[in-house]
Amino acid sequence: MSSMAVSHHDEFKAAKALGISHLKLGMWLFIASEVMFFGGLIAAFLNFKLNVPTDEIQLLDVALVGVNTFILLTSSFTVVLGLDALRQDKPQRLAFFLGMTILLGVVFLGGQAYEFSQLAQQGVTLSSSVFGSSFYTLTSFHGMHVLIGVLWALRNLLGTLRGKYGAESVEGIELFGLYWHFVDIVWIVLFTLIYLI
Amino acid sequence: MQTPANESSHRLTYVLVFLILGGITAVEIGLTFLGLPRATARALFLTLSLAKAVMVALFYMHLKYDHRLYAYIFIVPVALLAIFAYLTVAS
Amino acid sequence: MEATAETSAGRGNWRRYLRWSTDHKVIGIQYLVTTFIFFLLGGLLAMLVRAELLQPGMDVLDGVQYNRVMTNHGSVMIFLWVIPVLAGFGNYLVPLMIGARDMAFPRLNALSYWIFLAGGLLMMGSFFVGAADAGWTAYVPLSILAPDGETVWAVAVILLGASSTMGGINFLTTVLTMRTEGMTIWRLPLFVWGMMATSLLVVLSTPVLTAGLFLVALDRLLGTVFFDAAMQGDPILFQNIFWFYSHPAVYIMILPAMGIISEVFPVFSRKPIFGYKMIALSSMAISVLGLTVWAHHMFTSGMDPRLRVPYMVTSMVIAVPTGVKIFSWLATIWDGRIRFSTPMLFALGFISMFLIGGITGIFLAAIPFDIHVHDTYFIVAHLHFVLFGGSVFGIYAGLYYWFPKITGRMFDEKLGKVHFLMTFVGTNLSYLPMFLVGILGMPRRVADYAPEFTQLNQLATLGAIILAFSTLPFLYNAIVSWAKGAQAEANPWRALTLEWSTSSPPPEHNFPTPPVVRGGPYDYGEKPAEALPAAAPASD
């Protein structure tokens with residue numbers, strides 16, 4: 001039998017014709033599904049925030065979490081700087097920026113944990129009220145997404161140190177970036193809906 | 001191949017966006033201390049935050065430069081989420 | 001080539017279906033067989049329900065057992081049969097139909113199947129800890145108070161949702177990025193359009209249910225109070241979240257089946273499909289509109305009464321693209337040279353059964369009527385006409401139609417006709433009486449009923465018995481034919497879609513060389529059926 005080993009590369013002709021990448025498309029579709037997942041949780045939170053007034057909301061520390069928000073925004077900045085460095089064929093700089101991203105992500109999570117402990121001491125728990133339930137659930141699911149992002153960044157960092165990425169193979173980092181920025185955008189929305197309005 | 005001119009033009013965009021994001025965040029935090037009427041405050045915050053999210057999407061997630069399909073894939077669920085959240089809260 | 005075709009689905013190789021494989025054809029078969037087993041399990045649960053309802057009074061089951069049986073009948077049929085079997089068809093056929101070698105993400109595809117299996121086994125396992133008994137709709141607060149099996153059920157559905165969502169992402173990416181040369185969007189077979197419309201819904205609505213089930217699990221396990229009335233928890237919140245998915249879920253369950261019908265009709269009437277673009281666009285319209293109707297399940301929930309009206313409107317509007325399809329199908333077969341082979345019989349049955357289900361759906365869209373019949377057997381009748389008369393008939397049509405392609409064997413046509421006849425009679429006998437008994441006031445999900453409903457219930461139980469026995473000719477046919485039926489040629493039905501241009505079953509990489517498409521998939525009568533759009537000759 002003649003082995004017409006069609007390389008995997010040729011299979012995505014339609015993608016090239018459209019000018020898209022199947023991996024990026026898959027990631028954006030995944031992001032779409034995550035938008036809807038957070039949507040369910042956000043709808044629950046808003047339902048209670050707007051229909052069941054509570055005093056507990058006064059206990060939120062906007063300044064503290066504002067700083068944390070700034071930290072997460074900075075981590076998105078470090079990701080784009082890293083990707084930019086990779087495109088300049090400077091993987092060592094990418095490694096640096098990935099390291100910074102991981103650090104900032106961990107600090108963000110630490111900030112969340114601190115905020116949780118502060119609120120818990122003041123009596124806001126999962127069971128104390130519908131506000132407590134929806135607040136902790138929404139922010140914890142976001143935190144889990146940050147944690148997964150941190151682990152992914154770690155894996156990318158190890159890969160970078162092993163020479164896996166270069167100016168010609170940026171897609172893995174690009175995909176990570178899309179995920180990380182999405183998690184950042186979710187936080188922008190959460191910060192607004194929970195702390196600002 | 002990236003020319004030096006291209007190289008700094010991307011980074012400049014990223015830096016500018018970052019500064020704007022930081023600036024808006026600082027403004028938002030400041031506004032919370034002003035004790036504005038609720039409706040005004042909400043409108044302001046929602047607009048400012050929308051601006052932040054849009055900037056991250058357009059520039060950091062590269063939607064401004066990529067195929068429009070990706071942008072639709074992002075915008076449609078966001079719009080759907082807004083409708084769903086509104087109708088859920090309203091009922 | 002011969003040897004490859006034989007061994008890729010060879011008899012001795014049945015073990016490969018029990019193992020991890022990234023070949024979409026293997027995964028497709030894994031789905032088709034596994035879901036059919038769940039179908040039989042769900043059917044057994046249905047028989048228990050019908051046995052109890054044969055007579056008024058609690059004679060077969062007690063109330064708790066009945067609630068568990070009823071809950072899991074619905075859950076199994078929806079989550080473990082109809083939704084995933086259609087994904088199985090999609091898995092097997094979409095790459096073939098677009099001229100690709102596999103799906104865009106083969107490993108994700110395999111993961112989808114095994115997570116589905118885990119979710120299915122978990123749901124069955126819930127019976128060991130006191131099965132879920134709050135209905136497949138799991139309304140709060142009942143589902144919060146239900147025994148441990150309810151938690152297992154919720155986790156199972158979360159897993160199943162994850163599997164489904166992964167599949168949706170895979171299908172959309174595959175169709176957009178892996179079409180072969182010449183396969184433009186407007187030459188895609190209508191089954192592929194159906195899968196695209198379905199996948200849109202899957203990606204957008206399934207995650208919302210996942211979120212809602214997490215809330216239920218959290219209330220049950222970690223003491224959150226989302227649905228605790230004493231703490232101002234909100235049962236309507238759950239209903240909104242639940243139905244935001246579960247209404248699109250019914251379109252997820254029908255759109256691929258409609259796609260199958262669109263494939264069968266042109267082939268078995270030897271005519272091009274009527275209104276190809278309109279059918280394709282109607283699928284997308286149903287998909288989009290399907291996201292806007294969910295609260296028509298909540299008309300009696302205590303939701304804001306004024307808010308009900310927009311839902312009534314959108315629920316009626318969705319009948320329009322559906323009607324477009326039905327008329328297009330009728331126009332397709334009109335004046336055709338019809339062959340009443342088994343796939344065609346089921347497709348024709350689909351039309352009449354789905355019509356009954358669909359029209360009664362329009363009745364239900366009207367708020368005053370729905371208020372009267374909500375939670376009665378009228379709804380049970382409606383849903384079974386669309387899901388059994390619609391989806392299952394479509395699934396059977398597909399199983400027969402693609403049996404030669406998948407197995408490389410021809411099935412027994414006489415047995416197929418017997419199966420169809422029994423199914424058609426059984427369906428009508430089971431579900432038509434339910435319309436009447438529902439309007440007369442018999443509530444659903446209740447284990448007993450007032451004595452005046454007895455005769456109609458007995459008719460329904462008789463119909464169910466016929467349906468139960470109807471699976472026998474199908475099973476015998478499928479198993480024996482797969483083992484030793486006549487060898488199937490590449491294109492026994494003389495169809496024009498790409499899967500028929502390769503051998504039965506297809507070789508490992510589907511096509512010896514990537515096909516090049518030069519025409520539409522339904523150009524019957526415009527060129528000889530042997531001159532397929534694919535440039536590559538049918539192998540062997």
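The model is a predicted one, so local features need pLDDT of at least 70 and side-chain atom pairs count only at pLDDT 80 or more, while totals for chains, interfaces and linings use all residues. Residues are numbered from 1 along each chain as its sequence is written, and chains are lettered from A and ligands numbered from 1 in the order in which they are written.

Chain A comes out as 6 helices and 0 strands, giving the pattern α-α-α-α-α-α along the sequence. Here helices (H or I, at least four residues) and strands (E, at least two) are DSSP runs, numbered from the N terminus. The C-alpha trace of chain A spans about 70 × 35 × 25 Å along its principal axes. Of the contacts in chain A with a separation of 6 or more, 81% are between residues 24 or more positions apart; a contact is scored when two C-beta atoms, placed from the backbone, lie within 7 Å.

Helix α6(A) gets a check of its own. As 21 of its 26 residues are buried, α6(A) is largely enclosed by the rest of the structure.

Turning to the partners, 39 residues of chain A are in contact with 35 residues of chain B. On the chain A side, the elements giving two or more residues are α2 (22–51), α3 (62–87) and α6 (171–196), and α2(A) gives the most, with 14 residues. By class, this side has 25 nonpolar, 10 polar and 4 charged residues, with Ala, Val, Leu, Ile, Met, Phe, Trp, Tyr, Cys and Pro taken as nonpolar, Asp, Glu, Lys and Arg as charged, and the others, Gly among them, as polar.

The contact between chains A and C takes 33 residues from chain A and 39 from chain C. The chain A elements that give two or more residues to it are α1 (13–18), α2 and α5 (130–161). Again α2(A) gives the most, here with 16 residues. The side of chain A that touches chain C has 20 nonpolar, 10 polar and 3 charged residues.

Within chain C, helices α3 (residues 63–97) and α4 (residues 106–125) pack at an angle of about 165 degrees, with their axes 11 Å apart. Axes are lines fitted to C-alpha atoms, for helices over the stretch in contact, and angles run from 0 to 180 degrees between N-to-C directions. The pair α3(C) and α4(C) is therefore roughly antiparallel, the word for angles over 145 degrees, with under 35 being roughly parallel, 65 to 115 roughly perpendicular and the rest oblique. Ser75(C), Leu80(C), Pro84(C) and Asn91(C) in α3(C) meet Asn109(C), Phe116(C), Gly120(C) and Met123(C) in α4(C). That contact has 4 nonpolar, 4 polar and no charged residues.

In the other pair, the axes of α9(C) (residues 276–290) and α11(C) (residues 319–333) come within 8 Å and cross at roughly 150 degrees, which makes α9(C) roughly antiparallel to α11(C).

Note on methods
A residue is buried if 20 or more other C-beta atoms lie within 10 Å of its own, exposed if 12 or fewer, and partly exposed in between; C-beta atoms are placed from the backbone.
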